[in-house]
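Here are my notes for you, as numbered points. I hope they are handy while you look through the model.

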Amino acid sequence: MGECDTNPVPEEPQERQFNIQTTPEIMMGVYSNFANVSHSDYEFTVTFVSRVNLSPRFMRELIDAMHDNFSKWQTREGIRDLPEFPGEHDSQS
């Protein structure tokens, strides 16, 4: 009789993927320069043109993603403003 390996198989981290199907008009989005943020014991609410309710875990992920992207944007803009890297706004004067 053969032996059976009962050691647990290590799980590889799985990449999260999702498919969003929508119309081009919705994908264009809407402009907003105001947002109201509120929270309860169960969820955070960010109100732009429409209201979005988020779980606390997703709110943390959203904040992290927004911070990461803002930092990348800030770094890119800072590099553009260095004298060695003239930006578009320098050529318009």
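1. The protein has three helices and three strands, and from the N terminus on its elements run α-β-β-β-α-α. Helices (H or I, at least four residues) and strands (E, at least two) are DSSP runs, numbered from the N terminus.

2. A word on the source before the details. This is a predicted model, so local features need pLDDT of at least 70 and side-chain atom pairs count only at pLDDT 80 or more, while totals for chains, interfaces and linings use all residues. Residues are numbered from 1 along each chain as its sequence is written, and side-chain values use heavy atoms, with hydrogens and water left out.

3. Now the sheet. Three strands form an open sheet in the order β1-β2-β3, with antiparallel pairing; two strands pair if DSSP finds at least two bridges between them. At the edges are β1 (36-39) and β3 (51-54), each of which pairs on one side only. On average, neighbouring strands of this sheet are turned by 20 degrees against each other, direction ignored.

4. Do look at the hairpin that β2 and β3 form, with three residues between them. Strand β2 (residues 44-47) runs antiparallel to β3 and is joined to that strand by four bridges. Val46 stands opposite Val52 in β3, and Thr45 has Asn53 in β3 as its bridge partner.

5. Which strands does α2 touch? Helix α2 packs on the sheet and touches β1, β2 and β3, where contact means heavy atoms within 4.5 Å. The direction of α2 makes about 110 degrees with that of β3; axes are lines fitted to C-alpha atoms, for helices over the stretch in contact, and angles run from 0 to 180 degrees between N-to-C directions.

6. The search of the whole structure finds four salt bridges, a salt bridge being a side-chain nitrogen of Lys or Arg within 4 Å of a carboxyl oxygen of Asp or Glu. One of them joins the side chains of Glu61 and Arg57 (3.6 Å, N to O). Both residues lie in helix α2 (residues 56-80), four residues apart, about one turn of the helix. Glu61 is partly exposed at 30% relative accessible area, whereas Arg57 is exposed at 64%. The cut-offs are under 20% relative accessible area for buried and over 50% for exposed, with partly exposed in between (1.4 Å probe, protein chains only).

7. Asp68 and Lys72 also meet in a salt bridge (3.2 Å, N to O). These two are four residues apart in helix α2, so about one helical turn separates them. Asp68 is partly exposed, at 37%, and Lys72 is exposed, at 52%. A further salt bridge links Glu77 and Arg76 (3.9 Å, N to O), with Arg76 partly exposed at 41% relative accessibility.

8. Please glance at the surface too. Val30, Phe48 and Val49 form a nonpolar patch with about 330 Å² of accessible area together. Patches are made of residues with over 30% relative accessible area and no salt bridge, joining like charges within 9 Å and nonpolar side chains (Val, Leu, Ile, Met, Phe, Trp, Tyr) within 5 Å. Val30 sits in the loop between α1 (24-28) and β1 and is exposed, at 67%.

9. Finally, the overall numbers. Of the 93 residues, 6% count as buried. The accessible surface comes to about 9,500 Å², of which 55% belongs to carbon and sulfur atoms; accessible areas come from the Shrake-Rupley method with a 1.4 Å probe, and for residues, only the protein chains shown count as cover. Among contacts between residues at least 6 apart in sequence, 3% join residues at least 24 apart.
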